[in-house]
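Good morning, colleagues. Please look at the sequence and the model on the screen, and I shall then take you through selected features in turn.

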Amino acid sequence: MKSVAVYCGSSSGNQQIYTQQAQEMGRELARRDLTLVYGGGCVGLMGTIADAVLAEGGRVIGVIPGFLADKELAHKGCTELHVVETMHQRKLLMADLAEGFVAMPGGFGTLEELFEVLTWGQLGLHGKPVGLLNTQGFYDSLLALLDHMSAEAFLRQENRSQVLQHASAAALLDAMQHYQPVRLEKWLTPATT
């Protein structure tokens with residue numbers, strides 16, 4: 001794994017720990033010589049993680065749609081900044097550039113990006129690791145929902161295990177480095193639950 005796409009909020013949230021963890025994730029990526037691939041913004045946790053990677057001499061690739069770049073939200077310090085036309089192009093390019101995916105605290109966009117790459121992994125379109133930086137238990141309710149989906153036979157346990165999670169950036173990146181993709185031959189049916 002040489003690059004990680006990080007999905008996170010364009011807001012910083014209401015607790016300082018979110019900013020601190022974004023800074024730590026950025027420093028940890030740079031320490032490991034992992035390129036940050038992210039949404040290209042200069043605000044919220046997005047801007048914080050990019051600034052942290054850059055401050056440590058790391059590499060940052062931003063991908064931002066033109067309508068957001070035009071609002072002066074694009075981070076001007078990125079090592080590379082790709083301005084694309086649509087959100088769909090943004091997500092596809094980020095997925096192509098990344099060899100792993102991390103979701104930090106965020107809102108609808110973060111969840112949408114997270115679930116898209118999880119679905120692609122479930123369908124065998126990629127074998128890249130996907131992790132949650134579970135700051136202050138931010139994702140505990142989501143993890144409980146995934147467990148419920150599995151218990152109710154809407155999600156195979158093997159696919160549930162695709163979602164790595166840790167409260168520490170270092171521990172999460174360690175788990176991602178050792179991830180082995182899930183390969184299933186059959187769809188979930190009543191006979192396989």
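**The cysteines**

The sulfur of C42 has its closest cysteine sulfur in C78, at 9.2 Å, which is too far for a bond. A disulfide here means a pair of cysteine sulfur atoms within 2.5 Å, and a search of the whole structure finds 0 disulfides. In general, a disulfide is a covalent bond between the sulfur atoms of two cysteines.

Before I continue, please note that this is a predicted model, in which local features need pLDDT of at least 70 and side-chain atom pairs count only at pLDDT 80 or more, while totals for chains, interfaces and linings use all residues. Residues are numbered from 1 along each chain as its sequence is written, and side-chain values use heavy atoms, with hydrogens and water left out.

C42 is partly exposed, because its relative accessible area is 34%. C78 has 12% and is therefore buried.

**The sheet**

I turn now to the strands. Helices (H or I, at least four residues) and strands (E, at least two) are DSSP runs, numbered from the N terminus. Two strands pair if DSSP finds at least two bridges between them.

In what order do the strands of the open sheet lie? The sheet has 7 strands in the order 4-3-2-1-5-6-7, and the pairing is parallel. Strand 4 and strand 7 (163–166) stand at the edges with a single partner strand each, so one side of each has no neighbour in the sheet. On average, neighbouring strands of this sheet are turned by 25 degrees against each other, direction ignored; axes are lines fitted to C-alpha atoms, for helices over the stretch in contact, and angles run from 0 to 180 degrees between N-to-C directions.

Let us follow some of the pairings. Strand 1 (residues 3–7) runs parallel to strand 2 (residues 35–38), and 3 bridges join them. A5 stands opposite V37 in strand 2. Strand 1 also holds V6, which counts as buried because its relative accessibility is 2%. The C-alpha atoms of V6 and E113 are separated by 9.7 Å, although these residues are 107 apart along the chain.

Strand 5 (residues 101–103) and strand 6 also run parallel, joined by 3 bridges. Here V102 has G131 in strand 6 as its bridge partner. In a regular strand the side chains alternate between the two faces of the sheet. Strand 6 (residues 130–133) is covered on both faces: V130 and L132 on one side, and G131 and L133 on the other, are all buried.

**The salt bridges**

Side chains of opposite charge can pair when their charged atoms come close. A salt bridge here is a side-chain nitrogen of Lys or Arg within 4 Å of a carboxyl oxygen of Asp or Glu. How many are found in the whole structure? The search gives 9 salt bridges.

R59 and E80 form one of them, at 2.4 Å from N to O. This pair links distant parts of the chain, 21 residues apart: R59 is in the loop between helix 2 (44–55) and strand 3 (60–65), and E80 is in strand 4 (residues 80–84). R59 is partly exposed at 36% relative accessibility, and E80 is partly exposed at 27%.

K91 and E112 form another, and their closest N and O atoms are 2.4 Å apart. K91 lies in helix 4 (residues 87–97) and E112 in helix 5 (residues 108–122), so the pair ties together parts 21 residues apart in sequence. Which of these two partners is buried? It is K91, with a relative accessible area of 10%, whereas E112 is partly exposed at 39%.

R31 and E24 also meet in a salt bridge, at 3.2 Å from N to O. Both belong to a network of salt bridges that links E24, R27, E28, R31, R32 and D174. R31 is partly exposed at 49% relative accessibility, and E24 is partly exposed at 22%.

**A surface patch**

Finally, I come to the surface. L145, M149 and F154 form a nonpolar patch there, with about 320 Å² of accessible area together. F154 sits in the loop between helix 6 (140–151) and helix 7 (157–160), and F154 is exposed because its relative accessible area is 67%. Patches are made of residues with over 30% relative accessible area and no salt bridge; like charges are joined within 9 Å, and nonpolar side chains (Val, Leu, Ile, Met, Phe, Trp, Tyr) within 5 Å. Accessible areas come from the Shrake-Rupley method with a 1.4 Å probe, and for residues only the protein chains shown count as cover.

Definitions and conventions. Buried means under 20% relative accessible area, exposed over 50%, partly exposed in between (1.4 Å probe, protein chains only).
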